[in-house]
Each structure stands twice: as structure tokens, then as C-alpha cells.
2 protein chains.
Amino acid sequence: MQPQGLLIVISAPSGAGKTTLCRGLTQRFPALQESISYTTRQPRPGEVDGVDYHFVPEEAFRQMVAEHAFIEWAEVHGNLYGTALATIEEARRSGVDILLDIDCQGAKTLKQRGVEGLFVFVLPPSLAELRRRLESRSSDEREVIERRIVRATEEIREARWYDYIVINDRLDEAQELLSAIVTASRATTGRMLGQVAKMFDI
Amino acid sequence: MQPQGLLIVISAPSGAGKTTLCRGLTQRFPALQESISYTTRQPRPGEVDGVDYHFVPEEAFRQMVAEHAFIEWAEVHGNLYGTALATIEEARRSGVDILLDIDCQGAKTLKQRGVEGLFVFVLPPSLAELRRRLESRSSDEREVIERRIVRATEEIREARWYDYIVINDRLDEAQELLSAIVTASRATTGRMLGQVAKMFDI
């Protein structure tokens, strides 16, 4: 009996290091499949369509909304982001673990809809450090940074309903902790019981 | 705000490798404190009083039972084993994580009494391998081995209400998994929220 695929939902304020941590996680667990979200925002330098996001025009996005193709979607900083329902269903069916890197709003919708998953919130060690990290990103303007800081303070309040909180102070330690959370989640009794029942004929 | 100490409860059929795994865990996490159970059984060669167990005469044990000094106690293979209530209370208060290596009966009593903890069940990869391991222990006689095998098949059914199941096939992998479970348990939101609230003034 193969267990259902595990949905690993990771959220963080912008600048907390979530993207780097997620990349580290897929390197550590090659079988882990990244869910690719849909968005109407413009690609940043280096971002690739179909790899980082499915970059779609707003009209196409609205069409998918109308067709209930998204399990969650939201507007963030004036852009639309959505997770396709098909992605989640595929994980459930195929037994493949899926990594879903979405913002708090999106994650909350999944939680409220009763979608089973491992919800992890990544935090910077402080707001001062978050500001420093955002400022070192050449792509963001001052106004954008201020908006992100305000938003971060709002988002951090959402941490309370996640399953796990990872503080990304030293990247290697945060990476190790995140890996431990994923490893441990594969040994929960809910995931193991089918296999154990078969092994020991109980 | 210091989080309460975590109680890590580990059970396994005799011969599954629990003692070795627990020793590995305390080496990996030096701050983890082993709870020392009380028992009326005779020390095995190499076992030390106050380290492996508190070895006490049956009369002293019965006296502790009468004084409600045990949060759980049970008779196993004709010997009495008990966990002192003080051990658990100390963990809660001091914020020290405590490792409790007890059998299914004892663990079930804790669970039924609503004691909060991380309940982990260690399994051998098969009953055949369990038999092989028990037979290679020079200290056990054939009759004892048969009794342990019968008991193991009963105990394995109890795995279903534990939080995690670790199959000890390759020791290094099982050790790694057990470490991940302990590491992850320290990042649960319940444990982190006090610290996060303080850090971000939320």
C-alpha cells in the first residue's frame, strides 16, 4: 500500500530566504517535486517560464479562475498568483511528495479547505535583518522594500497556525532543520501504517 | 519564554534495537536527558544501578506504588517496571527534553492519561530478523526468546497509536530518522510560538 503523496506547504515573508531553502530541499530530496504556481507578474531576471512559475497574461489567469482550475489564488502586490488544483490531486494519487511555495493567504485557503499537508513557516531572525536582505537585492526599489516590510509584519502573525516554524538565521542550520522536518514527516504513523500492516500481517 | 521540556517516549519489541538507538540519540543530543526507570528485575551483565535503571527490591517498588510515585508501572515477564512521576514533572518545568524508553503498556498509560509527548515506535524489519537478533544475544535462553517473539507480535499491533514509526533495518538510517524526528519536534509551532512572539513583538 503506497502512502498518499505529502504536500509540503512553505510560506515566508519576502526576503526570509524561502526560495533558497526550497531549492536546497529539492536538491536534498530529488524525488520531491516542486509545484509550479501560475502568476500574472513579470518574470524577474533569470526566472524561466514553466520552471519558476507559469507566467500567464491576466486574461488567461481569469479564465482559469472562472473554470475553478485553482485550489487557491490571490492578489499580492498587484499581481495574481494561483495553485492549480490538478497539482494537488496529482500528488495525492501518485504518491509523489510535492513542495508548494506559496504566500500566507494561499496557504490559509488550503488549510481552511482542509487540504492535508505539512505547513511550514520560514522567518528571518529579525525585521532588521529582513530589511538588510531586501536592500541587498538590487532588483527592488525603496518603495517596494517598505511595502514588503509592512507586509512581513502582517504575515508573521500568521505563523501561529502553521505546523512548524523555521527561523532562517544561519542558512545551513535552517536547511538542516527543514530537511529534518520533511524526513520526520515521512515516518508519521499515518504514512507508515499501511506498510507496517503489510510487513507484519497485522 | 522558555518552552516546556519535550517528553520523547520510545517503545519497541525486545530486540528491535531500541537501546542502541536511544544511546545514539543521547550522543547526538547531549542536552537530552534519559529518564531512568525503576525495576525489580536483576541487572544484566554490564548494567549499572542509577544509570540503566534504578534497581530496587520488590518491597521498595510496591511502596512507591502505594505512594503514587509512578505515573505508570507494569509487570513485564514477571518483573516490575515503573516511571517516576517526578521525572516527567521535572521535564515540564525545567525545559529539558527527556527520553523515556518504556514498553507499550507504559507508553499507553501515559497516552491515556493525556501526557503530552512525542511517541515513537521502533520496529525490526521483519519477525525473522527479530528472531535472528534475539538468538545472537547470548544472555537469552530459547524459552525467553520464544516468549519475546510472541510478545513482539502483540506489541507491533500497538504501533498504530504512536506518532511515529521507525523501522530499524539499517541502524545508521534508523538513527538518522530518529534524530530527524527529534530535531523536527523542536520546531513545532507549539514549541516555537513563545520565542517568535517575543522576537517580533506579536
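Guide: We will go from the contact of the chains to helix packing and then to strands. This is a predicted model, in which local features need pLDDT of at least 70, side-chain atom pairs count only at pLDDT 80 or more, and totals for chains, interfaces and linings use all residues. Residues are numbered from 1 along each chain as its sequence is written, while chains are lettered from A and ligands numbered from 1 in the order in which they are written.

Visitor: How many residues does the contact take from chain B and from chain A?

Guide: The size of an interface is often given as the accessible area lost when the parts come together. Here we list residues instead, taking two as in contact if their C-beta atoms, placed from the backbone, lie within 7 Å. The contact takes 26 residues from chain A and 26 residues from chain B.

Visitor: Which elements give two or more residues to the side of chain B that touches chain A?

Guide: They are β9 (164-167), α7 (171-185) and α8 (189-200) of chain B, and α8(B) gives the most, with six residues. Helices (H or I, at least four residues) and strands (E, at least two) are DSSP runs, numbered from the N terminus. By class, this side of chain B has 19 nonpolar, four polar and three charged residues. Ala, Val, Leu, Ile, Met, Phe, Trp, Tyr, Cys and Pro count as nonpolar, Asp, Glu, Lys and Arg as charged, and the others, Gly among them, as polar.

Visitor: By what turn can chain B be laid on chain A?

Guide: A turn of 180° with a shift of 0.0 Å along the axis does it, at an RMSD of 0.0 Å. That is the relation of a two-fold axis. In chain B, the C-alpha nearest the axis belongs to Ala180(B), 2.2 Å from it. The superposition is by least squares on the C-alpha atoms of residues with pLDDT of at least 70 in both copies. The copies meet through the same surface, because 100% of the interface residues of chain B are also interface residues in chain A.

Visitor: At what angle do the axes of α7(A) and α7(B) cross?

Guide: Axes are lines fitted to C-alpha atoms, for helices over the stretch in contact, and angles run from 0 to 180 degrees between N-to-C directions. The axes of α7(A) and α7(B) cross at roughly 115° and come within 8 Å. The two helices are therefore roughly perpendicular to each other; angles under 35 degrees count as roughly parallel, over 145 as roughly antiparallel, 65 to 115 as roughly perpendicular and the rest as oblique. Residues making the contact include Leu177(A) and Ile181(A) of α7(A) and Leu177(B) and Ile181(B) of α7(B). By class, this contact has eight nonpolar, two polar and no charged residues.

Visitor: How far apart are the axes of α1(B) and α7(B)?

Guide: Helix α1 (residues 18-28) of chain B and α7(B) have their axes 10 Å apart and pack at about 55°. That makes α1(B) oblique to α7(B).

Visitor: In what order do the strands of the open sheet in chain A run?

Guide: Strands of a sheet pair through backbone hydrogen bonds, either parallel or antiparallel. Two strands pair if DSSP finds at least two bridges between them. In chain A, five strands form an open sheet in the order β2-β7-β1-β8-β9, with parallel pairing. β2 (33-34) and β9 (164-167) of chain A are the edge strands, each pairing on one side only.

Visitor: In what sense do β5(B) and β6(B) pair?

Guide: Strand β5 (residues 70-76) and strand β6 (residues 79-84) of chain B pair in the antiparallel sense over six bridges. Glu75(B) has Leu80(B) in β6(B) as its bridge partner. Two residues lie between the strands of this hairpin, where His77(B) takes a positive phi near 50°.
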